[in-house]
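Hello,

Here is the structure for your set. My notes follow below it.

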Amino acid sequence: MLCHLCETFLTNILHQDFQTWRRVEEGWFTFKHGNYATVAAAAEAGCKICGLLNRVREDRIPNYLGLSEKWHVQSASIDVKYDCAPYSPPTVRKPAIRKQVDEHITGKYAFQLLTLAPDMSWIAFELFHPNGSDEGDFALAVENDPTSVKATSIAKEWIDGCSTAHTHCQRPDDARLPTRVIDVGPSDDSIPRLHVAGGQKSRYVTLSHCWGTGDRLTLTKGRIHNLQRAISYGQLPRTFQDAIRLTRALGIRYLWLDALCIIQDDQDDWRRESASMGAVFENALFSISALTAVDSHSGMLHHRSPPSIELLIGEAQIGVRTRADTLPLALRSARLETRAWCFQERLLPTAILHVAPDQMHWECRSGHFSESFPDLQTKILTPFEPLRISLQSKRVRNYATIDWLDLIKEYSNRAITKPSDRLPAIAGVVDRIGGSEDDVMYIQGLWSNGFHEQLLWRRRGKLAHTTASSGGYVSSHSSPSAETSEGAPCSSWSWASVNDAVEWPLNRRMSCKQQVTSADAEFSEKPSHGYPIEGTAQHIGLKGFMKRGSCKISTAAPNSPSWVVFKPSGSLLKRGMLNCSLDYSDEPVAKSCYCLRITKWLQASTIPGPKAFVSYLLLEKVGTAETTSRLRMEYSTFKRIGMGFDDAEKVDRIFANAERRQLRLI
């Protein structure tokens, strides 16, 4: 049974007749469905759709009885189709209706139930084929079991189509296997075992997951020979078991899983394997992303049964269900997406099979597919898209000065168990960039191209995602010993020296003029994959104009100890102070500190405000001065404690009598 409003709603959609609906914009209409009282009454009278709306609303919206009684149902994305050309804005083919990509509604007949209230709430629904038919424009029924024949056949079609038909996704069918992989065997009765590849070539997949807390079976020096004979399936945590099940179901023989393919109590093996981890993910046929699993024990292949109803409208069999999350929404709520180690695991693979709570998604260089619409190729709008483009084109000269900083801003906001792992966890991306230009060097998170601009990072507050140590979670691939965390801290000038989110506050697309020169900046001959070399003082030599002075908390932000003003020695005027941001607000600043000019930034004349800014680093002297025989001059050592920028005229006035110094920054 349906109430008059629900019957009209479905009939209009079936006949694509929206003349009586309110048009919000092209391809977006609203259909008023009364208020709470009318919907509740219709549900009580037996209307199946009203009953579903009412039940789901009660389950999902806290205090729903106290919200506004105005209800609306929205239809959206009516017959939307996107062009399949990779990395171009979606274009619409006639006679499709053009509509902007919406992360909340994706599909041909999806709609939202909106509650108009001070705290607006919404629930997304969609129409689907309950009998599994793929005719028409409705979503497909999603199988309850993600490893069912139908579900895995869809995934296999994605894999085959991506490998053979996607121009931008071409890769060898049999890549060189990583050092070790898990041989999952051909059937569910097979006993998995650790396989030492020895240069063998074959197809393999990787697993991207969160470790979590608690004990789990891992590869150690004492277990390696036993695990080569057999891996006890029953002793594996559920997420590992599910990864093996899914790999088998998709017809793949080998699986790379960090906990069982890297020797966890061998620091040399861990460093060697972590350095090649980027290539492991990049060369895989695809990567399995365990979005459903919050840790190793929770599993990812769960029963899927969203609230739904089935109806017969004339001769048409129609289902209504809560809409399965789109990939952007699934990523937003996944713990996996808060982990630093998993960042490059999203950027580097050619393709990723995301196992989300509601459905599986396929993401590759050519587009995105979901179980609900397995043949509808769309583009997802996420911060990763421009980063992917840059990585694939290997535009290192532009990448190192602009896109690299965007990448680090995104990456630094992710949590990591051991702060010393911040550089190793992004080594795969460094490999991808560094391999394209021989004359561009890399050291501790910065590139020689645009190096002075990259020095101008600042902390932008605590991580949006809480650190793993405080939440009890550990990251995948964490280094195996405390020695690694404490043995070689990053230099103070590197963004990796702070375990917080960072940013580059100046508009990097303004014209920039360097005002400090490198005297003998020590760059690695090859990209450094992570840890500074223990027992050595990794430093950069700089020459520039410097002023000595002191710092005090800024009166403009008295409750924020990170914001200070630098007062040059001998200055009596308030306008002679420079604004600075401290790297560590909980550490006392030395009585005497120094300010070093770095770059001058020119603003476009059409933009109001100051037309030029000067940026600078806030430094603290370390140890005593040395004299170099080569340069025959004093060579003092400093560490970075902050940065800032201010109006160029003001800075020029303060630095009018500054001396040009040569220094070592550690």
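Apart from neighbours within four places in sequence, Trp 495 is in contact with Ile 408, Tyr 411, Arg 422, Leu 423, Gly 445, Leu 446, Trp 457, Val 502 and Trp 504. Please note that this is a predicted model.

Trp 495 also belongs to the largest nonpolar core, which has 105 residues. Together with Phe 286, Met 300, Trp 362 and Trp 404, Trp 495 is listed among those with the most contacts inside that core. Helix H4 (residues 149-165) gives the most to this core, namely 6 residues. A second core of 27 residues is separate and includes Phe 18, Phe 29, Ile 49 and Leu 311. In soluble globular proteins, nonpolar side chains tend to be buried together.

Phe 286 leads on to strand S13 (residues 286-289), where Phe 286 and Ile 288 point one way while Ser 287 and Ser 289 point the other way. All four of these residues are buried.

S13 runs parallel to strand S11 (residues 204-208), joined by 4 bridges, and Ser 289 is the bridge partner of Ser 208. S13 also pairs in the parallel sense with strand S16 (residues 351-355), over 3 bridges; there, Ser 289 has His 354 as its bridge partner.

For the protein overall, there are 18 helices and 31 strands. Of the 666 residues, 56% are buried.

Regards

Technical notes: Residues numbered from 1 in each chain as written. Predicted model: local features only at pLDDT ≥ 70, side-chain atom pairs only at ≥ 80, totals over all residues. Heavy atoms only, no water. Helix = DSSP H or I, 4+ residues; strand = E, 2+ residues; numbered from the N terminus. Buried < 20%, exposed > 50% of the residue type's maximum accessible area, 1.4 Å probe, protein only. Pairing = 2+ DSSP bridges. Core = buried A, V, L, I, M, F, W, Y, C linked by side-chain atoms within 4.5 Å. Contact = heavy atoms within 4.5 Å.
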